[in-house]
Amino acid sequence: MDKFIEIFALQAGFAEMLIRGTTMYWVLYALLRISGRRDLGSLGMADMLVLVLVADAAGNAMSGDSYSMGDGIIVVATIVGWSYLLDRLSYYIPPLRRLLEPQRVCLVKSGRVLASGLKREHVTRSELMEQLRLKGVASLSEVHRAYLETTGEFSVIRASDANKGGASTLEEDD
């Protein structure tokens with residue numbers, strides 16, 4: 001029983017682990033928000049390497065050389081708590097959601113590539129064409145709108161779908 005208690009005993013203290021978890025959460029959140037979103041939809045080898053290195057560095061920074069399970073649980077609970085809190089707050093406070101989440105960006109409008117959207121998100125024309133091909137688009141003239149969504153995924157509204165008439169449920173004010 002003593003070993004069990006020793007494993008979960010706090011070494012660094014509750015407040016220190018809470019501060020470390022909160023600090024790393026916000027630093028990583030800010031860095032990921034600044035770095036863009038176009039690679040969220042797919043993870044390449046370089047992206048995976050960065051993810052592993054960031055996780056390792058963040059883990060070391062958050063633990064502060066602590067090997068206690070209790071300290072680790074506090075840090076994990078802090079990170080999950082911030083994520084839960086921000087998710088709920090952004091649901092009830094729309095201006096906060098606009099601040100925390102990137103807005104979708106229109107990349108193609110009525111068959112024309114919008115260079116400003118590509119430039120804003122650092123998406124090359126060939127990357128856009130690749131995504132359109134993956135969506136089954138053979139020609140730009142088939143595209144009414146193409147967006148880079150907040151998740152990093154590409155969405156395409158075909159011209160044939162847009163011309164069917166009726167009220168649209170989509171916000172297409174780009």
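## The Glu-142 and Arg-158 pair

Arg-158 is partly exposed, with a relative accessibility of 24%. In this predicted model, Arg-158 forms a salt bridge with Glu-142, and the closest N and O atoms are 3.0 Å apart. Arg-158 lies in strand S4 (residues 154–158), while Glu-142 lies in the loop between helix H7 (125–134) and strand S3 (143–148), so the pair ties together parts that are 16 residues apart in sequence. Glu-142 also counts as partly exposed, at 26% relative accessibility.

## The Asp-87 and Arg-88 pair

A salt bridge is also found between Asp-87 and Arg-88, where the closest N and O atoms are 2.4 Å apart. Asp-87 has a relative accessible area of 42% and is partly exposed. For Arg-88 the relative accessible area is 36%, which again places the residue in the partly exposed class.

## The Arg-120 and Glu-121 pair

Arg-120 and Glu-121 form a salt bridge with their closest N and O atoms 3.7 Å apart. This distance lies within the 4 Å cut-off, so the contact counts as a salt bridge.

The two partners fall into separate accessibility classes. Glu-121 counts as buried because its relative accessibility is 12%, under the limit of 20%. Arg-120 counts as exposed because its relative accessibility is 52%, over the limit of 50%.

## Total for the structure

Across the whole structure, the search finds 4 salt bridges. Among them are Asp-87 with Arg-88, Glu-121 with Arg-120 and Glu-142 with Arg-158.

Definitions and conventions. Residues numbered from 1 in each chain as written. Predicted model: local features only at pLDDT ≥ 70, side-chain atom pairs only at ≥ 80, totals over all residues. Heavy atoms only, no water. Salt bridge = Lys/Arg side-chain N within 4 Å of Asp/Glu carboxyl O. Buried < 20%, exposed > 50% of the residue type's maximum accessible area, 1.4 Å probe, protein only. Helix = DSSP H or I, 4+ residues; strand = E, 2+ residues; numbered from the N terminus.
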